[in-house]
2 protein chains.
Amino acid sequence: MTSATPPRRRGRPPRTKSADAPAARDRILAAAREEFSERGYDKTSMRGIAKAAGVDSALVHHYFGTKEQMFEAAVEVAFSPVLSVRDSVLEGPLDGVGERLTRTIFGFWENPTTRKPLLAVVRSAVNHEAAAAVFRRLLATQLLYRIARRLDLPDAELRAELAAAQLVGVAMLRYVIKVEPLASADPEQIIARIAPVVQGHLTLP
Amino acid sequence: MTSATPPRRRGRPPRTKSADAPAARDRILAAAREEFSERGYDKTSMRGIAKAAGVDSALVHHYFGTKEQMFEAAVEVAFSPVLSVRDSVLEGPLDGVGERLTRTIFGFWENPTTRKPLLAVVRSAVNHEAAAAVFRRLLATQLLYRIARRLDLPDAELRAELAAAQLVGVAMLRYVIKVEPLASADPEQIIARIAPVVQGHLTLP
């Protein structure tokens, strides 16, 4: 029985047929997120992603181009929950935008499923200029500049970035460096302190 | 002439004599700072540090113990300018502590000589739990808990950490990720916006 099965070649699964293309693309993207999260930007290779996804590396290059472009696609997936609520955060009244933004960002960091890819993005961006460039572009164009447009003030972009800095800094000390008592503090206690600061950066004269 | 000289063994410089001990210790420390800065925690080895310092790796272990302990000593050197002004920042009147602290921290980030080791510490701490533990311990015991003691409020440690979070976040977005316009903004403009936030976290009821 087993002798009838052709021997499977190690490390090089057969090339996926074109009928499976969307499924293969999704598998590659999922594998890329996992590889970048686990190993960081530097130690992740296109070949490793291909292997984890069970496809040929040529297919990874075909769909996603360079490693930097592959990283960008993986980061966009990690960012997508943030982007999907972005417009509702920005559409509400301006005097509550600080709290809505703070609550939304903390929601993602508090949820282990969304925290993991965010952590991976931060870790990679801190250590690799290519990853930093991707993060910078997405953060600026997809989030900060849109907040700024909603504010409609001459220094709106700087305001959005200083507000983001407060949120990024809390995330760094609470979830990455894990300084106590901040790391174990009740999220509501932190939101109560941070939301007015975010609001102040955004709208205070 | 050359035949009289004993052949020098490659990669293993002769052990430093004990009379040179302080000089050798300083050389190791300088080499460690350089190696951790350039390569990051993961890629730095005790053997690499020894080679860069021109000593035997046994001497590195003799003076500094494990790689984590070596990193701690190197970080303490990177931290020492901050620590050396810490007490004067904390001794002044409490209603100006936000501006003094903000100005001091920005001073170190704006100066390329002190920025480089700070960047190295942040990069290592974000990616390695051993490095994060060192950074966490130093940041908490040497800076944050001392600020908290100066405040003498029941939630003083959390206050100090939220203030630090604002400073850490600005450093991340300005010096590490380099988001514009924050990365090129006039430091005085940033200090004017950040100092009241730091002060508010520390002392506002």
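Asp152(B) is exposed, at a relative accessible area of 66%, where exposed denotes over 50%, buried under 20% and partly exposed the range in between (1.4 Å probe, protein chains only). The model is predicted, so that local features require pLDDT of at least 70 and side-chain atom pairs pLDDT 80 or more, while totals for chains, interfaces and linings use all residues. Residues are numbered from 1 along each chain as its sequence is written, chains are lettered from A and ligands numbered from 1 in the order in which they are written, and side-chain values use heavy atoms, without hydrogens and water.

**Exercise 1.** Is the peptide bond from Glu180(A) to Pro181(A) cis or trans?

*Solution.* Step 1: most peptide bonds are trans. Step 2: the bond from Glu180(A) to Pro181(A) is cis, with omega near 10°, and Pro181(A) sits in the loop between α8 (156-176) and α9 of chain A. Step 3: in chain B, the bond from Glu180(B) to Pro181(B) is cis, with omega near 10°.

**Exercise 2.** Which residues lie nearest the centre of the largest pocket, and which elements contribute to its lining?

*Solution.* Step 1: a pocket is an open set of points on a 1 Å grid over the protein atoms alone where a 1.4 Å probe fits, with protein on both sides within 12 Å along at least five of seven lines; lining residues have an atom within 4 Å of a point. Step 2: of the 28 lining residues, Asn127(A), His128(A), Arg39(B), Asn127(B) and His128(B) lie nearest the centre. Step 3: two or more lining residues come from each of α1 (21-43) and α6 (112-127) of chain A, and α1 (21-43) and α6 (112-127) of chain B. Step 4: the volume, the space filled by probe spheres set on grid points joined across faces, edges and corners, is about 620 Å³.

Key:
Helices (H or I, at least four residues) and strands (E, at least two) are DSSP runs, numbered from the N terminus.
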